[in-house]
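Here are some notes for a colleague who is opening this structure for the first time. Please read them with the structure in view.

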Amino acid sequence: MFLSGQTVSLFGSMLVQYAIMWHLTLETKSGTVMALASVFGFLPQAIVSIFGGVWADRLDRKRLIMAADASIAVTTLALALLMLSGFEHLWLIYGTLAIRSVGAGIQMPAVSALIPQIVPTSKLMRVNGLNGTIQSAMMLLAPAAAAAVYANFSIVAIFFVDVTTAAIGIGFLLALSVPRIVRSDSDGPLPGYFDDLVGGVRYVAHHPFIRWLLALYAIVFLLVVGPSYLTPLMIVRTFGEEVWKLTANELAFSIGMTLGGALIAAWGGLKNKIAMVVASTFMFGGLTAALGLAPNLWVFFAFMFGFGLFVPFFSTPSFTILQETVEPERQGRVFGFVGIVMAVSMPLGMAVFGPLADIYSVEFLLVAAGGLLVAVAAIAVLVPVGRRAMLAAGAQVNAAPESRAGTEPQPSGPADPAG
């Protein structure tokens, strides 16, 4: 029920995301307008995520998700009604993007922290894989649906679709029973809001393994900007400007990511999740460099498919490790930091790689980024906390067959990563 509601809501949100970008592109044809739209779409989420994480640990997560969905829907409905009345100022669209971004900053930590409340530990990897598959599938379906509605009706029609899907998603959540989290970090009254905020920062700052995983996540996000955003530029410069080539590039990546998520959901992945994260980082490095060295377009598409295939093998186990390692009452704050990393790393990466692409060839930048990713993966397992995490995870995997039959399998993240 939870994933069904989130899928319907996500579909509407992605329709709006594509429609607004296309609308601004067609109506203004301005790079500055597109840059501002990206700022309003990403920056609020980065700022709000840490506060949203605190709320996710202090409030009812189900109601928090519903409130964020409802706020986004009301804002989108207001924009639709204003546009129907003839008000189409850019600041209205920027404001809507900002509010939607704030909602995402509140919703993401709550969703990530709620899943372990309703999923047994032994099934987390598969459920996260299924969730990733759904999101990847939406990347295939949403653009086509948005194009059909936008071409035959208008952007306002897409806004009304989003409001409807948000209402359906909220309805699914209303019918869902979620167990209450009992905080173990406080014996007395609930700590103050800013005490929780400071406590979350201190927890991440003083937890070596969490720092290690978040740092790896941030660097990988920074360096995969190349394959994510520069490959269309490489195709246009090297292989030709036909639109079908750009479309095929996106399809190769999205289909690979969908199949990768489905494989994780069906298989469950390796028991040593940290090994999966590190191995995926090595694969990212090799495939990124291979994209820059591709001799022809079809080989390029094959590498792009492979890159997408390995994305769930990095993101799914890393999220699952956090859900298994972090205490339930702190997960909202930790996933708030993950939201910051995701919202900041990609724009920051483009701020670096974008200008460089006007100086150097995209092929050179892809090879360089691939080499850096391989180096990062090697350093990650050589630093002391990385070695300890790998050894702890390996020891748990080796000990698992000896556990008594019928007992709940233990998390394959490090048992005592801080020590």
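What pLDDT does the chain average, and how many of the residues score at least 70?

1. This is a predicted model, and the chain averages a pLDDT of 84, with 90% of the residues scoring at least 70. Over residues 402–419, however, the pLDDT is below 50, although this stretch has 30 contacts in the model beyond near neighbours in sequence. Where pLDDT is low, the predicted coordinates should not be read in detail.

2. The largest nonpolar core holds 59 residues, and those that touch the most other members are Phe 209, Ile 210, Trp 212, Phe 284, Phe 300, Leu 322 and Val 338. Helix α8, which covers residues 208–223, gives the most to this core, contributing eleven residues.

3. Phe 284 deserves a separate look: leaving aside residues up to four places away in sequence, Phe 284 touches Val 220, Val 224, Phe 307, Phe 310, Val 311, Phe 314 and Leu 373. Apart from the core described above lies another core, of 26 residues, which includes Leu 97, Val 149, Ile 155 and Val 156.

4. Is Arg 100 buried or exposed? Arg 100, which is placed in helix α4 (residues 90–118), counts as buried because its relative accessible area is 11%, under the 20% cut-off.

5. As for the surroundings of Arg 100, its side chain is joined to that of Thr 76 by a polar contact of 2.8 Å. Not counting residues up to four places away in sequence, Arg 100 touches Ser 13, Val 16, Ile 72 and Asp 162 as well as Thr 76.

Note on methods: Residues numbered from 1 in each chain as written. Predicted model: local features only at pLDDT ≥ 70, side-chain atom pairs only at ≥ 80, totals over all residues. Heavy atoms only, no water. pLDDT = per-residue confidence, 0-100. Contact = heavy atoms within 4.5 Å. Helix = DSSP H or I, 4+ residues; strand = E, 2+ residues; numbered from the N terminus. Buried < 20%, exposed > 50% of the residue type's maximum accessible area, 1.4 Å probe, protein only. Polar contact = N/O pair within 3.5 Å; in protein donor to acceptor, adjacent residues only side chain to side chain. Core = buried A, V, L, I, M, F, W, Y, C linked by side-chain atoms within 4.5 Å.
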